[in-house]
2 protein chains.
Amino acid sequence: MSPVTTIDRIGNYEGQTVTLRGWLYNKRSSGKIQFLQVRDGTGVIQCVAVKSEVGDAVFAACEALTQESSLIVEGVVRRDARAKGGYELSVTRVEPVGGSVDYPITLKEHGVDFLLDHRHLWIRTPRQRAILKVRAEVMRAMADFLDADGFTRVDPPILTPSSCEGTTELFYTQYFDEDAYLTQSGQMYLEAAAMALGKVYSMGPAFRAERSKTRRHLIEFWMIEPEMAFYTHEDNVRLQEAFVQHVVRHVLDHCEAELATIGRDVDRLAKVQAPFPRMSYDEAIRWLQAHGHDIRWGDDFGAPHETELAAQFDRPLFIERYPTALKAFYMQPDPERPEVVLCADLLAPEGYGEIIGGSQRIHDYDLLRDRFVTHNLPMDTYGWYLDLRKYGSVPHAGFGIGLERTVAWICGLEHVREAIPFPRMLYRLYP
Amino acid sequence: MSPVTTIDRIGNYEGQTVTLRGWLYNKRSSGKIQFLQVRDGTGVIQCVAVKSEVGDAVFAACEALTQESSLIVEGVVRRDARAKGGYELSVTRVEPVGGSVDYPITLKEHGVDFLLDHRHLWIRTPRQRAILKVRAEVMRAMADFLDADGFTRVDPPILTPSSCEGTTELFYTQYFDEDAYLTQSGQMYLEAAAMALGKVYSMGPAFRAERSKTRRHLIEFWMIEPEMAFYTHEDNVRLQEAFVQHVVRHVLDHCEAELATIGRDVDRLAKVQAPFPRMSYDEAIRWLQAHGHDIRWGDDFGAPHETELAAQFDRPLFIERYPTALKAFYMQPDPERPEVVLCADLLAPEGYGEIIGGSQRIHDYDLLRDRFVTHNLPMDTYGWYLDLRKYGSVPHAGFGIGLERTVAWICGLEHVREAIPFPRMLYRLYP
């Protein structure tokens, strides 16, 4: 038997006979020739079966293949400049494996609810496959960057006795005789880990039981959360710039074919170079006011505000130093202006909104204890978090980046639901 | 100011003055000299302050440092063959950062319940830090191996409408108006993804609401689950061998200091070379019977059986072809003996038990449909899984490897609870 290979490596076999294993994506016929579009998970290739060359039996087998039936195909690799990927296969043999009758997702347009109901099949289409490939490369790029920079991966728990930001948007479960909630963020645990390991990060799922239906929200999403001991707000912002630039560069370098399949304008991505523009919250409010928005100091931004602010720039925009009252209890106040905190949100360009939220954390025991009282946080559940300020506290900072929003931006998707293999949304728990 | 560095990189600065930032792990004094053991998350180094050299003020500052107080220390890097890590620091300056009064974990022995209650601090000790570092390197090695072999990382959902193995050991949560459960395995979703992407793997948390308290069980644990289209049982077993060998080799190459801190016998790990021994379930039963066990064909193995079987070998042991009735409904029967399935469990040596479970999956629609009926599985919840056999089904296989059991084995730990940053066990949800 000829060597078994995959479509992405077929260029190594020019002129040779190889075996591919995959599925029929599409086909067309011109009488005595069948053009089979075969996909194998690594790409799509055109396999050409000429009746006079392959004989009647093989040609009939090709004719009988239906959409998404599986097959093993043998043929000779030919260079062809017109072909996607640069090669096609001159078929010598075809072995059907699994049939496929009335495949539900035809090559015409389908409604998104229908596609989501068939997500287990929808991911087979080249566009969805390409998005999932980019997602995997984004995760790889993030881990590569952090591992090379001395970070240690740490996995905070998913089941927690409580959370830092109230319980109304948390999923509840009974943990034997105790109450437990699904994590919204591993940050508090990562702060403990940073005091043990210096620089740490997590890469895992998080959950928000929010009854909202926007194109930026998922109920179950993935976050990457770096946390660094002996880090200031400024250190934190600079790290984020280098990190995001690295991720975008990695995708440009490793996913050229996928970005082409998705139809992404890569020139816009190539502009994502540090340093990124920065704007204080104060400046952002004044800019919005000057541009006709009815917004006052102390108000939070909505999605339209974020989109307009970011639209001024061709790269991501940091908005720094939000009002203390708007942000989480653990953020370090600006020493010169305690009404704002040492935080930054990073807004992606092209209307993709916030992809990162980060801050320096309060490291003073008394100040954090005051915040517990003001915010009515239960001391028994959070005693361990206060301990971090009691025993060798250090200035530290960190951030969380939303994986699906980042992938949606890099791929130029309309909705985050395509940026995760099996999206969980309001009224969407299947398949 | 002198360059800021970390203990793991201090060898690059021999003879130079550098700044370290960390915590006081321990100290001793001999009158006019203070020996500070400083840790910074990357290692521990001895910093020597000589009163006649540093002056009274710096010396007094050193004397005042307490266990786990944080500090910035400046000094000259000296090579010292007697020192752990090969270097020590001749202190020139000390800046205390955060105090630490009555640190709960002293350097004497503590009970494990006390340590688990203080897990947020316990992870600071060199042994726990080393274990977490090995865990991170194991994850890195797994991703490296699979990514290099053409796999795509895919994240199956955590919240699922149901599960493949009954609901009694599942955590329940209300998902708006629906019932949802926390995943025990992403396998079914990964099978769908393998039909789209060829070779895929997941790396994420899984949950088992089991009222068991053994040294091998966690309620929340991490699994890596590769799934491969066009793979047979034999392909699957060979992949596992190469995978486990790679992971152990990577840890030996990258975690020498950590394994030394933990006190692991690395010679035993160096023996983990493919091919691994294999035994059929039938042979294992006969071996156990011959060695005095009251066990019959059709019985499952208990931990003592696994330990004895594995103790014959210096590397992991595959046990293949278990009785169909003992294993999950989706496993492919041996075509020559349908009373057993094409599966294998991999038992780690030294009594660590099962670390991998894998199998070829049923790819025939009618056979899988029969299994649904026999096992009383709800067609509405699983219809999508049957679809995978309806549209271009192919032989496929996969496995799941338990991260904490693998780390416990590689580190030689008594209990899996130390192999995860914040263990979740029966009656253990805090911190």
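**Entry 1: Asn376(B)**

I looked up Asn376(B) and found it in the loop between helix H11 (365-374) and helix H12 (379-390) of chain B. Helices here are DSSP runs of H or I with at least four residues, strands are runs of E with at least two, and both are numbered from the N terminus. Asn376(B) is not a glycine, yet its phi is positive, about 60 degrees. Its relative accessible area is 68%, so I noted Asn376(B) as exposed. The cut-offs for relative accessible area are under 20% for buried, over 50% for exposed and in between for partly exposed, with a 1.4 Å probe and protein chains only.

I am working with a predicted model, in which local features need pLDDT of at least 70 and side-chain atom pairs count only at pLDDT 80 or more, while totals for chains, interfaces and linings use all residues. Residues are numbered from 1 along each chain as its sequence is written, chains are lettered from A and ligands numbered from 1 in the order in which they are written, and side-chain values use heavy atoms, with hydrogens and water left out.

**Entry 2: other backbone details, chain A**

Glu350(A) is another residue other than glycine with a positive phi, near 60 degrees. I found Glu350(A) in the loop between strand S16 (343-348) and strand S17 (353-361) of chain A. At 30% relative accessibility, Glu350(A) is partly exposed.

I then looked up cis peptide bonds. The bond from Ala274(A) to Pro275(A) is cis, with omega near 0 degrees. Pro275(A) sits in the loop between helix H8 (266-270) and strand S12 (278-280) of chain A. The bond from Tyr430(A) to Pro431(A) is also cis, with omega near 0 degrees, and Pro431(A) belongs to the segment after helix H13 (403-411) of chain A.

**Entry 3: chain A as a whole**

I read off 13 helices and 18 strands for chain A. Its C-alpha atoms fill a box of roughly 85 × 55 × 40 Å along the principal axes. Of the 431 residues in chain A, 61% are buried.

Helix H5 (residues 187-197) of chain A is mostly covered, with eleven of its eleven residues buried. Among them are Gln187(A), Tyr189(A), Glu191(A) and Leu197(A). After H5(A) comes Gly198(A), with a positive phi near 85 degrees.

**Entry 4: where chain B meets chain A**

I counted contacts (heavy atoms within 4.5 Å). They involve 101 residues of chain B and 101 residues of chain A. The buried area, meaning the accessible area (1.4 Å probe) that two parts lose on being put together, summed over both, is about 7,600 Å² between these chains, and carbon and sulfur atoms give 62% of it. On the chain B side, Phe176(B), Tyr391(B) and Leu429(B) lose the most area to chain A, together 11% of what that side buries.

How are the two copies related? A rotation of 180 degrees with 0.0 Å of shift along its axis superposes chain B on chain A, with an RMSD of 0.0 Å. The copies are thus related as by a two-fold rotation axis. The superposition is by least squares on the C-alpha atoms of residues with pLDDT of at least 70 in both copies. In chain B, the C-alpha of Thr173(B) is nearest the axis, 2.6 Å from it. The same surface serves both copies, as 100% of the contact residues of chain B recur in chain A.

**Entry 5: salt bridges**

I used the rule that a side-chain nitrogen of Lys or Arg lies within 4 Å of a carboxyl oxygen of Asp or Glu. Over all chains the structure holds 64 salt bridges, and eight are found across the interface of chain B and chain A.

One of these pairs Asp147(A) with Arg140(B), the closest N and O atoms being 2.6 Å apart. Helix H4 (residues 126-148) of chain B gives the most to the side of chain B that touches chain A, with eleven residues.

Arg211(A) and Asp177(B) also form a salt bridge, at 3.7 Å between the closest N and O atoms. Arg211(A) lies in the loop between strands S10 (199-207) and S11 (220-229) of chain A, and Asp177(B) in the loop between strands S8 (172-175) and S9 (178-182) of chain B, so the pair joins two chains. Arg211(A) is exposed at 53% relative accessible area, and Asp177(B) is exposed at 61%.

Within chain A, Arg140(A) forms a salt bridge with Asp144(A), with 3.6 Å between the closest N and O atoms. Arg140(A) and Asp144(A) are four residues apart in helix H4 (residues 126-148) of chain A, so about one helical turn separates them.
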